[in-house]
Amino acid sequence: MANENKQAQGNDKPKKRGRVKETFAELKKVTWPTFGKTMKQTGSVFVVTIFFLVILLAMDQLLGLAHKQLIKGLTETVIGLPKMLSAGFESVMNTLFSGARALPLLI
């Protein structure tokens, strides 16, 4: 049994050495990008990121404006109610539609 363990360990060393040699041989084949190419790719990532940032900010502003108009329209329809009830309704609508307090934000 002891001989079997030694033989098993002895067979692993050439395999490990072969893998290490193969790894270094593959690393010699790798061509790394130049500094200029890396800077161009980094710049393009920044441009795309800023482009989507502007789009998302515009969408956020438009949806915020739509939210304000929705709340304003809902509170104007309740004008016939007493002022205290109307304020309570506005608070409930803000809570329901904002999602900040009532619903967790899902990303």
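A salt bridge here is a side-chain nitrogen of Lys or Arg within 4 Å of a carboxyl oxygen of Asp or Glu. Keep in mind that you're working with a predicted model, where local features need pLDDT of at least 70, side-chain atom pairs count only at pLDDT 80 or more, and totals for chains, interfaces and linings use all residues. Residues are numbered from 1 along each chain as its sequence is written, and side-chain values use heavy atoms, leaving out hydrogens and water.

**Exercise 1. Find the salt bridge and describe its two residues.**

Step 1: Searching the whole structure turns up 1 salt bridge. Its partners are the side chains of Glu 26 and Lys 29, with 3.4 Å from N to O.

Step 2: Now place them. Both sit in helix 1 (residues 2-29), 3 residues apart, or about one turn of the helix. Helices are DSSP runs of H or I with at least four residues, strands are runs of E with at least two, and numbering starts at the N terminus.

Step 3: Check exposure, where buried means under 20% relative accessible area, exposed over 50%, and partly exposed in between (1.4 Å probe, protein chains only). Glu 26 comes out partly exposed at 45%, while Lys 29 is exposed at 59%.

**Exercise 2. Work out how the rings of Phe 51 and Phe 52 are arranged.**

Step 1: Rings of Phe, Tyr and Trp (its six-membered ring) pair if their centres lie within 6.5 Å; planes under 30 degrees apart are stacked, over 60 edge-to-face, and the rest tilted.

Step 2: The whole structure has 1 aromatic pair. Phe 51 and Phe 52 make an edge-to-face pair, with 5.5 Å between centres and 75 degrees between planes.

Step 3: Look around the pair. Phe 51 belongs to helix 2 (residues 35-76), and Phe 52 is partly exposed, at 46% relative accessible area.
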